[in-house]
Amino acid sequence: MLNINHVRQQFPILTETVNGKPLVYFDNGATTQKPQRVIDAIVHYYTHQNSNIHRGVHALSRTATDAYELGRTAVQQFIGAKHAHEIIFTKGTTDSINLVANSFSRAFLKTGDEIIVSEMEHHSNFLPWQNLRDEKGIVLKVIPLTATQDLDIEAYKKLLSDKTRLVAVTQVSNTLGVINPVKEIIAEAKKYGAKVLLDGAQAVPHMKVDMQELDADFYAFSMHKVYGPTGMGVLYAKEELLQAMPPYQYGGGIIKSVTIGTSEWADLPNKFEAGTPNIEAGPATKAAIDFVNEIGIEAIAKHEHELLIYATKQLQAIQETEIYGNTANKAGVISFNIKKVHPFDTGTLLDQMGIAVRTGHHCTQPLMHCLGIPGTVRASFAVYNTIEEVDAFITGVKKAVKMLL
Amino acid sequence: MFDNWEDKYQYVIDMGKDLHALPEELKTDDRLIKGCQSRVWLQSDLKDGKVIYSADSDAIITKGLVALMIRVLSGQAPDDIMTADMHFVDRIGLKEHLSPTRANGLLSMIKQMKLDAVALKTKLSS
């Protein structure tokens with residue numbers, strides 16, 4: 001059983017007030033708050049360990065390198081990767097996906113090859129592929145949604161062909177919270193020898209994710225959505241793919257040797273990590289994963305599911321609201337509108353009541369076009385949210401209904 | 001001016017509801033004000049040397065804010081609009097909406113209204 005008070009005590013920001021009211025933070029899909037130990041890890045790094053990594057013979061450089069690499073090992077164990085060098089550190093999910101679009105395409109794609117994405121993708125898992133279509137003559141196919149806003153798997157099967165090289169889909173929709181049947185998606189893709197990239201940005205914070213069980217070829221997520229630091233993204237990729245792909249960025253740290261004539265690349269993961277990285281995010285990442293492991297991702301998922309079920313029931317009882325993503329299989333997100341009201345209006349009034357939600361298209365404009373709306377109000381949950389906060393949110397929505405209609 | 005946020009926002013919402021809607025054919029992309037999360041259309045006309053504004057938005061609070069601006073600026077001479085001091089927004093407790101980081105784009109609205117006044121003045125003197 002989750003000790004919610006003990007959890008909340010670890011997040012100093014949760015005692016803040018907004019517009020004179022206690023903060024209710026329901027914008028966790030955008031970024032989660034940080035527990036004290038993550039904040040401490042960053043302070044500790046700059047107080048005691050700061051040095052550049054991977055190149056110094058001196059003690060401090062070794063300390064910094066060790067601290068950074070502990071972050072990598074923590075991620076490897078957390079997502080069940082076979083090797084630590086299959087974990088590439090990036091700026092974030094967007095950077096991870098752009099790395100694949102750039103390096104994978106240069107190694108493996110030619111004009112006429114096909115990539116499949118879905119209609120519910122975040123722009124960061126759509127624009128890199130749309131750009132490849134325009135620049136490289138790749139054929140881009142899009143999996144449509146069903147009436148309940150699930151991926152249309154039958155339609156997906158028909159999109160696959162011998163020309164499919166990559167399927168790039170999200171594991172959990174950032175806008176709707178819908179959990180996609182990624183194991184089935186991967187199994188179908190493999191029948192055609194296609195590689196699969198999963199956008200795990202909204203999955204990793206809410207469920208157990210295991211690379212061996214999933215068998216995805218690429219997996220991208222951001223630590224800042226998992227109680228960790230900003231500027232720390234993860235790209236997991238299978239070793240043989242990373243070996244075959246050229247570097248994404250060229251610069252310091254990625255080489256074995258350089259002459260005027262030619263260069264030889266460093267071993268993994270360094271080949272893909274040009275320049276000085278966000279070093280303090282290494283130890284902070286480890287601290288975040290320790291935090292999650294201490295509670296247990298299953299316990300976190302269960303708690304968030306209870307909040308989601310409770311909030312959905314309460315929201316459904318308000319006749320003036322409409323919920324998007326009406327499937328049973330959802331994680332941590334509830335997307336809705338007050339009927340005939342712009343999401344911006346609802347969000348503005350909730351903000352006055354100290355309730356932080358996201359409004360707008362959530363970087364999923366193709367999905368908004370599909371639903372025929374300008375945007376939604378999105379409440380997204382984390383381990384530290386409470387039933388009482390959901391009550392405050394529901395009271396807020398009722399008040400907004402009264403004021404706006 | 002207002003005792004609490006509810007009264008303040010109810011006033012803005014009611015202003016929005018009372019503002020005449022723009023005819024659909026005027027809700028065109030060239031009338032959209034950039035920099036707003038919701039869509040705001042602004043139409044500016046010159047009548048007897050005065051600028052007459054009409055506007056619409058798909059968000060009611062935004063529409064209320066633009067209605068407030070219209071109430072203050074519409075019917076004035078271009079020169080007066082160009083030099084108008086908009087700090088009354090601050091005084092009536094809507095200062096937070098003047099920040100450039102606010103998505104509703106009240107600042108963008110004021111800027112566009114002043115730009116239109118400049119354009120109409122040029123037309124007047126030519």
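Between chain A and chain B, the count of salt bridges is one. Before I go on, note that this is a predicted model. The salt bridge is made by the side chains of A:Lys399 and B:Glu6, at 2.5 Å from N to O. As for polar contacts, the rule finds six residue pairs across the interface of chain A and chain B, with both residues at pLDDT 80 or more.

Which elements of chain A give two or more residues to the side that touches chain B? They are α12, residues 343-352, along with β16 and α14. Of these, α12(A) gives the most, with six residues. Sorted by class, the side of chain A that touches chain B has six nonpolar residues, five polar and four charged.

Now the extent of the interface. The contact takes 15 residues from chain A and 17 residues from chain B. The two chains bury about 1,400 Å² between them, and 59% of that is on carbon and sulfur atoms. Three residues, A:Phe344, A:Gln352 and A:Met403, supply 43% of the area that chain A buries against chain B, which is more than any other three residues.

Next, the sheet in chain A. Four strands form an open sheet, in the order β13-β14-β17-β16, and the pairing is antiparallel. At the edges stand β13, residues 321-324, and β16, residues 358-360; each has a single partner strand, so one side of each is left without a neighbour in the sheet. From one strand to the next, the twist averages 30 degrees. Recall that β16 of chain A is also among the elements on the side that touches chain B.

Inside the sheet, how many bridges join β14 to β17 in chain A? Four bridges do, between residues 333-338 of β14 and residues 376-380 of β17. To give one pairing, A:Val333 has A:Ser380 in β17(A) as its bridge partner.

Helix α14 of chain A, residues 387-404, lies across β13, β14 and β17, and runs at about 20 degrees to β14(A). Helix α14 also gives two or more residues to the side of chain A that touches chain B.

Last, two backbone details from the loops of chain A. The peptide bond from A:Leu268 to A:Pro269 is cis, with omega near 0 degrees. A:Pro269 sits in the loop between β12, residues 263-265, and α10, residues 281-295. The other is A:Gln149, a residue other than glycine with a positive phi, near 65 degrees. A:Gln149 is in the loop between β6, residues 139-143, and α6, residues 153-159.

Note on methods:
Residues numbered from 1 in each chain as written. Chains lettered and ligands numbered in written order. Predicted model: local features only at pLDDT ≥ 70, side-chain atom pairs only at ≥ 80, totals over all residues. Heavy atoms only, no water. Pairing = 2+ DSSP bridges. Axes fitted to C-alpha atoms, helices over the stretch in contact; angles between N-to-C directions. Contact = heavy atoms within 4.5 Å. Buried area = accessible area lost by both parts, 1.4 Å probe. Salt bridge = Lys/Arg side-chain N within 4 Å of Asp/Glu carboxyl O. Polar contact = N/O pair within 3.5 Å; in protein donor to acceptor, adjacent residues only side chain to side chain. Nonpolar A, V, L, I, M, F, W, Y, C, P; charged D, E, K, R; others polar.
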